[in-house]
Amino acid sequence: MNNNRFKGYSPQRRRFLKNSATLVGGSALLSSLPVSWAFADGKPETTAAKLGFIALTDAAPLFVADEKGFFAKHGMTDVEVLKQSSWGTTRDNLVLGSQRNGIDGAHILTPMPYLISSGAVTPNNQPVPMSILARLNLNGQCISVGSDYADLEVQLDTREFGQALAEKRAGGDEASAAMTFPGGTHDMWIRYWMAAGGIDPDRDVSTITIPPAQMVANMRVGSMDTFCVCEPWNNQLVNQGIGYTANTTGELWNDHPEKAFAMRSDYVEANPNATQALLMAIMEAQMWCEDPANHEEMAQICSRRRWIHAPYGDLIDRIQGNFDYGTGRVVEDHPQMMRYWDRHASYPYKSHDLWFLTENKRWGYLPQDMDSAALVEQVNREDLWRQAADRLGVASSDIPDSTSRGIETFFDGKTFDPENPQAYLDSLEIKRLT
């Protein structure tokens with residue numbers, strides 16, 4: 001089957017998604033979500049939660065909240081932070097929920113709670129309502145290229161790279177680009193990057209799914225020509241001499257949203273106090289991660305077996321914002337280094353979620369007529385983030401005035417106006433609308 005599509009994607013699924021889009025408000029899809037409710041003072045209803053993560057540096061707030069005692073500080077003394085082998089495993093365990101030996105929430109690719117809530121990626125298309133409570137970071141992913149293309153020194157412009165891939169295919173070999181989950185952030189970045197230079201990610205290459213921790217090993221044996229993933233795997237590729245960094249994704253879209261902290265909506269509804277406690281703990285951990293004085297300790301924490309289990313040397317440089325691209329290009333104190341708190345990194349802008357849904361429509365993962373704005377209103381719980389910020393005494397300057405960051409501009413000059421997503425879609429030459 002086409003590696004670019006969800007398992008089981010079909011005309012029947014497309015019809016399901018179109019139908020599900022009309023269910024917002026009094027629907028089987030999202031009816032378990034309260035329209036609004038005020039945080040009730042008092043102790044958490046439960047001290048337990050099972051939270052999943054993938055071995056990536058943008059999961060650091062969860063590691064730090066556990067290691068530095070932020071969960072316990074807010075009364076959540078029985079939180080389990082559990083490593084997942086892939087984003088598919090994260091999805092499966094969220095669908096199960098902790099009562100069926102799964103998980104309650106996770107460090108997650110921002111589009112995934114929407115794909116799960118809509119039933120686009122769940123067994124039998126069964127919707128599982130999810131709530132995005134915070135963004136975990138901005139920037140910090142990278143697109144890497146194999147050493148076979150060292151002479152091209154690929155950066156943002158993919159035109160010459162596209163020609164090289166075409167020559168490879170003409171010689172009878174497959175050209176492959178790897179991401180971590182169909183419709184996820186890494187899929188969106190590598191598709192946008194390739195398409196901007198005229199490479200069709202569905203027709204000119206095989207866009208394949210590889211778990212993050214397996215990227216370097218697969219590049220070593222020639223399974224792909226390029227990949228997009230978070231750290232430390234891009235830096236490890238450079239350190240092992242297998243390839244180089246073409247760009248860090250903040251160069252594609254400055255201060256772009258990346259991972260989210262999301263939970264099953266039934267947990268949020270049943271445990272409002274516990275949800276606020278978890279959210280406050282993670283927000284405090286994000287503040288800790290942002291502080292440069294903590295970056296060495298943060299790299300040490302990330303390197304541990306229970307978390308990323310990667311050498312400290314593969315972690316520290318890019319955590320500190322120092323990027324050796326592996327081509328002789330070195331940027332210190334990188335302007336697009338990963339942000340955990342500064343620049344409103346933690347706040348989940350609704351306008352950003354709308355862009356991810358629009359891109360999922362662009363590539364045929366979601367139907368064009370799905371009501372994206374309504375789905376964002378149901379899944380994005382920025383209201384709970386604001387409540388947590390208020391309880392933490394967060395400075396007003398760290399709290400956005402609006403749920404929209406406004407018009408966004410990408411490296412190729414394209415713009416996304418959240419007030420007119422269709423104009424953005426219309427401006428894109430390469431797309432796969434359904």
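Residues are numbered from 1 along each chain as its sequence is written, and side-chain values use heavy atoms, with hydrogens and water left out. Because the model is predicted, local features need pLDDT of at least 70 and side-chain atom pairs count only at pLDDT 80 or more, while totals for chains, interfaces and linings use all residues. Helices (H or I, at least four residues) and strands (E, at least two) are DSSP runs, numbered from the N terminus.

Helix 2 spans residues 60–67. Of its 8 residues, 6 are buried, so helix 2 is largely enclosed by the rest of the structure; here buried means under 20% relative accessible area, exposed means over 50%, and partly exposed lies in between (1.4 Å probe, protein chains only). The buried residues of helix 2 are Ala-60, Pro-61, Leu-62, Phe-63, Val-64 and Ala-65. They pack against strand 1 (48–53), strand 2 (78–83) and strand 3 (105–109), and also against helix 3 (70–73), helix 11 and helix 12 (295–303), where contact means heavy atoms within 4.5 Å. Just after helix 2, Gly-69 has a positive phi of about 85 degrees.

The packing of helix 2 on helix 11 (residues 272–290) has an angle of about 105 degrees, and the two axes are 8 Å apart. That angle makes helix 2 roughly perpendicular to helix 11. Axes are lines fitted to C-alpha atoms, for helices over the stretch in contact, and angles run from 0 to 180 degrees between N-to-C directions; angles under 35 degrees count as roughly parallel, over 145 as roughly antiparallel, 65 to 115 as roughly perpendicular and the rest as oblique. Helix 2 contributes Ala-60, Pro-61, Leu-62, Val-64 and Ala-65 to the contact, and helix 11 contributes Ala-281, Ile-282, Ala-285, Gln-286, Trp-288 and Cys-289. By class, this contact holds 10 nonpolar residues, 1 polar residue and no charged residues. Ala, Val, Leu, Ile, Met, Phe, Trp, Tyr, Cys and Pro count as nonpolar, Asp, Glu, Lys and Arg as charged, and the others, Gly among them, as polar.

Spaces were searched for on a 1 Å grid over the protein atoms alone: a cavity is a set of points where a 1.4 Å probe fits but cannot get out, a pocket is an open set with protein on both sides within 12 Å along at least five of seven lines, and lining residues have an atom within 4 Å of a point. Grid points are joined across faces, edges and corners, and a volume is the space filled by probe spheres set on the points. The largest pocket has a volume of about 300 Å³. Its lining has 18 residues, of which Leu-354, Ser-372, Ala-373, Pro-418 and Pro-421 lie nearest the centre. Helix 14 (350–362), helix 15 (372–379) and helix 17 (421–427) each supply at least two lining residues, and the largest share, 5 residues, comes from helix 14. The lining of the largest pocket divides into 6 nonpolar, 7 polar and 5 charged residues.

The whole structure holds 4 cavities of 30 Å³ or more, and the largest cavity has a volume of about 100 Å³. Among the residues that line the largest cavity are Thr-57, Glu-231, Met-298, Asp-314, Leu-315, Arg-318 and Ile-319. Helix 13 (residues 312–319) gives the largest share of this lining, 4 residues. By class, the lining of the largest cavity has 7 nonpolar, 2 polar and 3 charged residues. In helix 13, the buried residues include Asp-314, Leu-315, Arg-318 and Ile-319. The buried residues of helix 13 pack against strand 5 (141–146), helix 9 (233–239), strand 9 (243–248), helix 12 and strand 11 (323–324). Gly-321 follows helix 13 and has a positive phi near 90 degrees.

Further backbone features occur in loops. The peptide bond from Glu-231 to Pro-232 is cis, with omega near 15 degrees, and Pro-232 is found in the loop between strand 8 (226–230) and helix 9. His-309, in the loop between helix 12 and helix 13, is not a glycine but has a positive phi of about 60 degrees; His-309 is partly exposed, at 43% relative accessibility. Arg-343, also not a glycine, has a positive phi near 60 degrees. Arg-343 lies in the loop between strand 12 (330–331) and helix 14 and is partly exposed, with a relative accessible area of 40%.
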